[in-house]
Amino acid sequence: PETAVESPFGTTISWAVDSFPNPDTVSTAPVGTLSFTPVGTLSGVSLTGHHFDNTATTLWAVDNTAKTRGTIDLATGAYTSQGPITGIPGANLRSFRFDTLDTGLVFLLDDSHLYHLDVASGAATILAGPLNTVLFTGLAVSLDGVIYAYDGNSGGLYTISREESGYDLIGPTGLTAFTVTLDVDTETGVLWAWARQASSLVLATVDTATGAATPVTNGAEAQVRTSFRLPVPLIFEDGFESEDLCEWSAQSGGSAC
């Protein structure tokens with residue numbers, strides 16, 4: 001059965017951009033469901049990745065057509081460019097996820113590289129790549145900073161190293177879609193997947209120890225990029241005092257001072 005989850009914003013909502021069929025549609029659905037409510041439509045852009053910042057107040061996105069980063073209006077679904085992304089080749093942008101360990105940086109994935117993107121400046125820095133023999137189309141980051149990736153060629157779930165151009169197979173997901181969106185529920189730690197396959201949209205949970213995906217529900221055929229509106233937990237640098245103005249995110253060092 002479909003269930004909803006509570007968050008500081010009320011019922012936890014997943015935000016989706018559906019690119020099948022046209023026009024692209026921005027919608028919301030309670031987490032664990034595919035019960036989408038349209039917010040608005042998009043034109044002239046191809047948003048191949050989007051994600052809430054670590055405070056869950058601003059929904060950022062990347063446009064694969066113009067290679068820009070920008071924001072999605074939560075009331076209308078409209079995309080507003082914040083300028084070009086620099087430091088990337090002309091490859092397809094595949095996924096976009098905020099780094100839970102650093103409040104200002106985003107992991108950006110293209111056909112063969114993983115980047116750290118500064119959303120304020122638009123500058124991208126290569127972290128890993130070229131990523132040979134795999135074509136990662138989905139990306140997620142756990143609360144403790146583990147980077148998970150879905151390989152569209154094999155259907156496998158991988159981890160990508162932060163320190164070097166390495167990636168390790170966890171195991172097959174059992175999903176057959178080329179593009180699979182991944183996101184981690186920061187309240188429960190559950191890794192979710194959205195996959196368009198067999199003329200339907202499949203929502204599944206993914207075992208991070210084995211890679212195996214377990215379908216939760218099916219919906220009408222759609223090609224969605226999805227992200228949760230869930231804040232990354234913040235702790236104060238010198239304790240839990242109400243007067244503190246200096247915070248950092250998740251488990252370590254992403255200063256928000």
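Me: Which strand does S4 join, and through how many bridges?
Reply: In this predicted model, strand S4 (residues 25-30) is joined to S5 by four bridges, and the two run antiparallel.

Me: Which residue is the bridge partner of Val26 in S5?
Reply: The bridge partner of Val26 is Gly40.

Me: What is the order of the open sheet that holds S5 and S4?
Reply: The order is S5-S4-S3-S22, an open sheet of four strands with antiparallel pairing. Its edge strands are strand S5 (37-41) and strand S22 (224-228), each of which pairs on one side only. From one strand to the next, the twist averages 25°.

Me: Moving on to S6, what is the strand order in its sheet?
Reply: Strand S6 belongs to an open sheet of four strands, ordered S6-S7-S8-S9, and the pairing is antiparallel. At the edges are strand S6 (47-52) and strand S9 (79-84), each pairing on one side only. The twist in this sheet averages 30° from one strand to the next.

Me: How many bridges join S6 to S7?
Reply: Five bridges join S6 to strand S7 (residues 59-63), and these strands run antiparallel. Within this pairing, Gly49 stands opposite Val62 in S7.

Me: Where is His51 found?
Reply: His51 is found in strand S6.

Me: Is His51 buried or exposed?
Reply: His51 has a relative accessible area of 10%, so this residue is buried. The cut-off for buried is under 20% relative accessible area.

Me: What is His51 in contact with, leaving aside its neighbours within four places in sequence?
Reply: Leaving those neighbours aside, His51 is in contact with Thr58, Leu59, Trp60, Phe96, Arg97, Phe98, Asp183 and Ser227. With Phe98 there is also a polar approach: the backbone nitrogen of Phe98 lies 2.9 Å from a polar atom of the side chain of His51.

Me: How many aromatic pairs does the structure hold?
Reply: The structure holds six aromatic pairs. One of them is formed by Phe96 and Phe98, whose ring centres are 6.1 Å apart with the planes at 85°, so the pair is edge-to-face. Both Phe96 and Phe98 are buried.

Me: And how are the rings of Phe136 and Tyr167 arranged?
Reply: The rings of Phe136 and Tyr167 have their centres 5.7 Å apart and their planes at 90°, so this pair is edge-to-face. The pair links distant parts of the chain, with Phe136 in strand S14 (residues 136-141) and Tyr167 in strand S17, 31 residues apart.

Me: Which residues form one aromatic cluster with Phe136?
Reply: Phe136, Tyr158 and Tyr167 form one aromatic cluster.

Me: Why does Phe136 count as buried?
Reply: Phe136 counts as buried because its relative accessible area is 1%.

Me: What about Tyr167: how accessible is it?
Reply: Tyr167 has 22% relative accessibility and therefore counts as partly exposed. This residue is found in strand S17 (residues 167-172).

Me: Which residues are in contact with Tyr167, leaving aside neighbours within four places in sequence?
Reply: Tyr167 is in contact with Leu131, Asn132, Thr133, Val134, Phe136, Tyr158, Thr159 and Ile160, once those neighbours are left aside. With Thr133 there is a polar contact of 3.4 Å between the side chains. Tyr167 and Asn132 are 35 residues apart in sequence and 9.9 Å apart in space, C-alpha to C-alpha.

Me: New topic: which residues touch the most other members of the largest nonpolar core?
Reply: The core has 15 residues, and those touching the most other members are Leu157, Leu175, Val180, Leu182, Leu191, Ala193 and Val206. Two or more residues of this core come from each of strand S15 (147-151), strand S18 (180-184), strand S19 (191-197) and strand S20 (200-206).

Me: What does Ala193 contact, leaving aside neighbours within four places in sequence?
Reply: Leaving those neighbours aside, Ala193 is in contact with Leu175, Val180, Thr181, Leu182, Val202, Leu203, Ala204 and Val206.

Me: Which residue in S21 stands opposite Val206?
Reply: Val206 stands opposite Ala213 in S21. S20 and strand S21 (residues 213-220) pair in the antiparallel sense over seven bridges.

Me: In the hairpin of S20 and S21, which residue takes a positive phi?
Reply: Gly211 takes a positive phi near 90° in this hairpin, which has six residues between the strands.

Note on methods
Residues are numbered from 1 along each chain as its sequence is written. This is a predicted model: local features need pLDDT of at least 70, side-chain atom pairs count only at pLDDT 80 or more; totals for chains, interfaces and linings use all residues. Side-chain values use heavy atoms; hydrogens and water are left out. Two strands pair if DSSP finds at least two bridges between them. Axes are lines fitted to C-alpha atoms, for helices over the stretch in contact, and angles run from 0 to 180 degrees between N-to-C directions. Buried means under 20% relative accessible area, exposed over 50%, partly exposed in between (1.4 Å probe, protein chains only). A polar contact is a pair of N or O atoms within 3.5 Å; within protein, one must be able to donate a hydrogen and the other to accept it, and residues adjacent in sequence count only if both atoms are side-chain atoms. Contact means heavy atoms within 4.5 Å. A nonpolar core is a set of buried Ala, Val, Leu, Ile, Met, Phe, Trp, Tyr and Cys residues joined through side-chain atoms within 4.5 Å. Rings of Phe, Tyr and Trp (its six-membered ring) pair if their centres lie within 6.5 Å; planes under 30 degrees apart count as stacked, over 60 as edge-to-face and the rest as tilted.
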